[in-house]
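Q: Please look at the pockets of the model shown here, and explain how each description follows from its definition.

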Amino acid sequence: MKKVLLGCLGVTLLLSSCVSSKKYADLEAKHKNAQDLLNSATVKLNDCLEEKATASSRLQTLEDQNSFLKANNQELINNMGNLTTLTTKGAENLEKSLESLQEKDLTIRKLNDAITRRDSVNLSLVQSLKGVLGNMDDEDIEISVEKGVVFVSISDKLLFSSGSYNVTSRAKEVLGKVAKVVNNKPDFEFMVEGHTDNVPYRGNGSLLDNWDLSVKRATAVVRILQNDFNVDPKRMTAAGRSEYIPVSTTEKSKNRRTRIVVLPKIDQFYSMIEEGMKDPAINK
């Protein structure tokens with residue numbers, strides 16, 4: 001009986017042991033499967049985290065680029081505004097410059113016209129002088145125009161004796177012809193200049209030096225023009241230049257001369273400019 005019970009108990013335990021091992025094996029298999037799933041999920045999670053980090057980094061880069069482009073775009077807009085302002089100012093300055101150039105060009109044209117008129121008057125004066133003095137020796141009388149001024153140079157041998165300031169009768173004939181021309185040109189003034197050579201003056205003591213001689217000769221000519229030929233004294237100036245403006249270094253005789261400088265009155269010259277400015281041909 002005991003043996004039978006023991007046998008039954010043994011069979012029961014054996015059966016019980018077999019069931020538990022099977023369940024354990026199943027559980028073990030499920031655990032392994034779960035562990036595999038967990039490992040796979042962990043790997044995927046790590047991949048997702050890495051992708052997220054990469055995406056976040058790219059997003060930050062794009063946001064930085066977007067901010068830079070916005071700022072750069074605003075700077076370009078500002079620069080375009082500044083450029084527009086500069087362009088407008090440049091156009092205004094260019095317009096003002098062109099207007100200034102046009103005004104200067106007009107002024108230059110007017111001045112050139114006035115100078116042309118003055119030169120025409122001078123040419124007429126020279127022709128008149130050459131007309132009345134044409135029968136004189138060219139070596140004794142020279143008529144020229146320099147820088148808009150007419151010069152009549154008369155040698156001292158035609159006007160004065162050596163070392164003297166007394167006008168000769170021959171000289172009065174010449175001065176009379178000059179007076180005829182200048183009296184017909186009331187808009188001109190003139191200066192009579194006495195010139196000597198560099199030989200020291202040795203006279204009778206009434207004159208100190210070449211300065212005195214040159215001045216005396218100039219005033220003598222002025223007196224003749226005034227007293228004998230009725231030239232208005234307000235139009236004349238007497239000046240002594242002594243030996244200091246020679247025309248020749250080899251021929252002293254050429255330096256001994258009396259020069260009559262004929263020039264338009266300053267107010268008359270400006271009147272010519274004003275007339276030129278009113279000329280319709282110039283103001284086109």
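Q: What makes the lining of the largest pocket charged, polar or nonpolar by class?
A: In this predicted model, the lining of the largest pocket has twelve charged, five nonpolar and four polar residues, where Asp, Glu, Lys and Arg count as charged, Ala, Val, Leu, Ile, Met, Phe, Trp, Tyr, Cys and Pro as nonpolar, and the others, Gly among them, as polar. Local features need pLDDT of at least 70 and side-chain atom pairs 80 or more, while totals for linings use all residues. Residues are numbered from 1 along each chain as its sequence is written, and side-chain values use heavy atoms, without hydrogens and water.

Q: Why is a space called a pocket, and which residues are closest to the centre of the largest pocket?
A: On a 1 Å grid over the protein atoms alone, a pocket is an open set of points with protein on both sides within 12 Å along at least five of seven lines, and lining residues have an atom within 4 Å of a point. About 510 Å³ of space lies in the largest pocket, the volume being the space filled by probe spheres set on the points, which are joined across faces, edges and corners. Of its 21 lining residues, Glu-142, Ser-153, Val-247, Lys-254 and Arg-257 are the closest to the centre.

Q: Which element gives the most to the lining of the second largest pocket?
A: Helix H4 (210-227) gives the most, with three residues; helices are DSSP runs of H or I, at least four residues, numbered from the N terminus.

Definitions and conventions. On a 1 Å grid over the protein atoms alone, a cavity is a set of points where a 1.4 Å probe fits but cannot get out, and a pocket is an open set with protein on both sides within 12 Å along at least five of seven lines; lining residues have an atom within 4 Å of a point. Helices (H or I, at least four residues) and strands (E, at least two) are DSSP runs, numbered from the N terminus.
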